[in-house]
Protein chains: 2
Amino acid sequence: MKALLFDVFGTVVDWRTSIAREVRNQCGPDVDSFSFADRWRSMYQPAMEEVRSGRRPFTRLDVLHLESLRVVLSEFDIRLAEDRIAALNQAWHRLDPWPDSVPGLTRLRTEFIIAPLSNGNISLLLDMAKNAGLPWDAILGAEPVQAYKPTPDAYLRTADILGLEPSECMMVAAHNSDLAAAADCGFATAFVARPLEHGPSQTTDLVAEADWTYHVDSIDSLATQLGC
Amino acid sequence: MKALLFDVFGTVVDWRTSIAREVRNQCGPDVDSFSFADRWRSMYQPAMEEVRSGRRPFTRLDVLHLESLRVVLSEFDIRLAEDRIAALNQAWHRLDPWPDSVPGLTRLRTEFIIAPLSNGNISLLLDMAKNAGLPWDAILGAEPVQAYKPTPDAYLRTADILGLEPSECMMVAAHNSDLAAAADCGFATAFVARPLEHGPSQTTDLVAEADWTYHVDSIDSLATQLGC
């Protein structure tokens with residue numbers, strides 16, 4: 001194994017708490033900020049599906065997020081000035097990491113190439129890394145390969161960019177579906193349980209649903225299991 | 001100014017001394033290793049010109065380097081096993097930085113986004129960064145934008161990936177031609193004098209040939225000028 005590729009939203013950062021906080025900041029305390037965050041996030045997969053299906057050319061996640069945000073604001077009957085809409089959309093560039101992420105990544109980086117393999121665009125992931133201190137070796141993911149996970153090209157082209165065989169790469173994610181797609185491409189897999197990603201009543205991805213290469217409850221534990 | 005984009009070969013790393021050392025290691029002491037390095041490097045621009053002209057689809061620098069290496073080995077009448085040819089081609093992944101590069105970049109990173117805007121491919125630049133401790137925020141350059149400098153798309157698409165206006169970006173390079181192309185795209189410019197890039201008898205790029213935004217003799221001096 002030479003490279004560890006990380007899912008980011010949910011696996012490395014706590015998008016729900018971070019987005020809810022920014023919604024409160026921009027829209028005020030009367031808005032149900034967690035419902036707003038959940039609804040915004042619920043439009044993520046359908047928006048990318050337009051690209052994956054070929055109905056739409058590759059479009060950066062920042063653009064998809066902004067389109068979804070306008071719909072959610074309308075549904076919640078909230079009017080914001082354009083500069084505040086833009087600021088709220090940038091909330092995805094400032095997500096907070098889970099407490100174990102920076103220590104775990106810092107340990108893993110001593111032995112492996114570490115990079116995001118996220119559907120986030122490069123500037124989103126770069127700003128997030130700079131803000132949160134995520135010590136990536138490179139910013140990879142959907143934008144450099146022009147393909148959204150779980151399309152096989154997202155994984156295979158990332159391995160190719162790194163000059164590695166898929167078997168030299170491991171996908172690290174809190175989502176069984178992401179790991180299943182990576183495994184189909186020949187990647188090793190590590191499941192990181194994040195039972196609070198969707199809040200206290202989360203029902204999905206509570207446990208590993210297949211025999212992934214590693215099962216851990218934090219990125220720090222993964223570093224321990226890999227001997228870093 | 002928000003992002004500093006760096007030329008790498010010659011500006012951040014001393015390719016000539018590093019390549020000559022690897023040539024000696026792989027080919028033995030009887031080869032004129034500096035002449036070999038110079039000849040190999042001389043095929044760099046013509047190889048990229050095939051892509052820039054549209055005669056060839058975008059092809060990674062690792063591939064262009066390997067094709068050129070086979071020609072140079074033949075010209076020098078050197079026979080190497082395939083695994084040693086591959087190892088020698090990887091020499092570009094292990095180039096040593098100039099002494100001021102790591103300290104300077106480390107200071108600049110506290111205030112700016114720093115990334116390579118190099119014609120090197122992602123895995124070449126990533127391996128080099130990991131080996132030399134170059135603290136990039138992201139690995140940008142020809143491969144993510146599928147265009148070789150000095151094609152305008154190499155600069156303009158990089159600014160676009162970063163979500164920045166060209167005027168928010170500064171190109172840092174030891175080569176006047178690179179800075180001229182970046183300036184034409186609206187970038188700010190910093191000339192770093194590297195009078196030994198081509199050895200003691202260098203005749204080109206000894207001085208700034210236009211009124212670039214900054215003129216310095218090291219990346220550390222650039223950090224000082226920018227107040228880092």
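1. Chain A carries an open sheet of 6 strands in the order β3-β2-β1-β4-β5-β6, with parallel pairing. Strands count as paired if DSSP finds at least two bridges between them, and the elements themselves are DSSP runs numbered from the N terminus: helices are H or I with at least four residues, strands are E with at least two. At the edges of the chain A sheet sit β3 (140-141) and β6 (214-216), each pairing on one side only.

2. A word on ground rules: this is a predicted model, where local features need pLDDT of at least 70 and side-chain atom pairs count only at pLDDT 80 or more, while totals for chains, interfaces and linings use all residues. Residues are numbered from 1 along each chain as its sequence is written, chains are lettered from A and ligands numbered from 1 in the order in which they are written, and side-chain values use heavy atoms, with hydrogens and water left out.

3. Within the chain A sheet, β1 (residues 3-6) and β2 (residues 113-118) pair in the parallel sense over 4 bridges. A:Phe6 has A:Pro116 of β2(A) opposite. Helix α9 (residues 152-161) of chain A lies across β1, β2, β3 and β4 (169-173), and runs at about 150° to β2(A). Angles here run from 0 to 180 degrees between N-to-C directions, with axes fitted as lines to C-alpha atoms, for helices over the stretch in contact.

4. Have a look at α2 (residues 33-42) and α4 (residues 61-75) of chain A: they pack at about 135° with their axes 9 Å apart. From chain A, the contact uses A:Phe36, A:Arg39 and A:Trp40 of α2(A) against A:His65, A:Ser68, A:Leu69, A:Val72, A:Leu73 and A:Glu75 of α4(A); contact means heavy atoms within 4.5 Å. The two helices are therefore oblique to each other (under 35 degrees is roughly parallel, over 145 roughly antiparallel, 65 to 115 roughly perpendicular, and the rest oblique).

5. Chain B has an open sheet of 6 strands too, ordered β3-β2-β1-β4-β5-β6 with parallel pairing. Strand β5 (residues 188-192) of chain B joins β6(B) in the parallel sense over 3 bridges, with B:Tyr214 as the bridge partner of B:Ala190. Helix α10 (residues 176-184) of chain B packs on the sheet, touching β4 and β5 of chain B, and its direction makes about 170° with that of β4(B).

6. Which residues of β1 (residues 3-6) of chain B are buried? B:Ala3 and B:Leu5 on one side, and B:Leu4 and B:Phe6 on the other, so both faces are covered. Buried means under 20% relative accessible area, exposed over 50%, and partly exposed in between (1.4 Å probe, protein chains only). β1(B) is joined by 4 bridges to β2 (residues 113-118) of chain B, running parallel, with B:Ala3 opposite B:Ile113. It also pairs in the parallel sense with β4 (residues 169-173) of chain B over 4 bridges, where B:Met171 is the bridge partner of B:Leu5.

7. Helix α7 (residues 122-132) of chain B has 8 of its 11 residues buried, so it is largely enclosed by the rest of the structure. Among them are B:Ile122, B:Leu126 and B:Ala132. Just after α7(B), B:Gly133 takes a positive phi of about 75°.

8. On cysteines: there are 0 disulfides over all chains, a disulfide being a pair of cysteine sulfur atoms within 2.5 Å. The sulfur of A:Cys185 is 10 Å from the closest cysteine sulfur, in A:Cys169, which is too far for a bond. A:Cys185 is buried at a relative accessible area of 12%, and A:Cys27 is buried at 18%.
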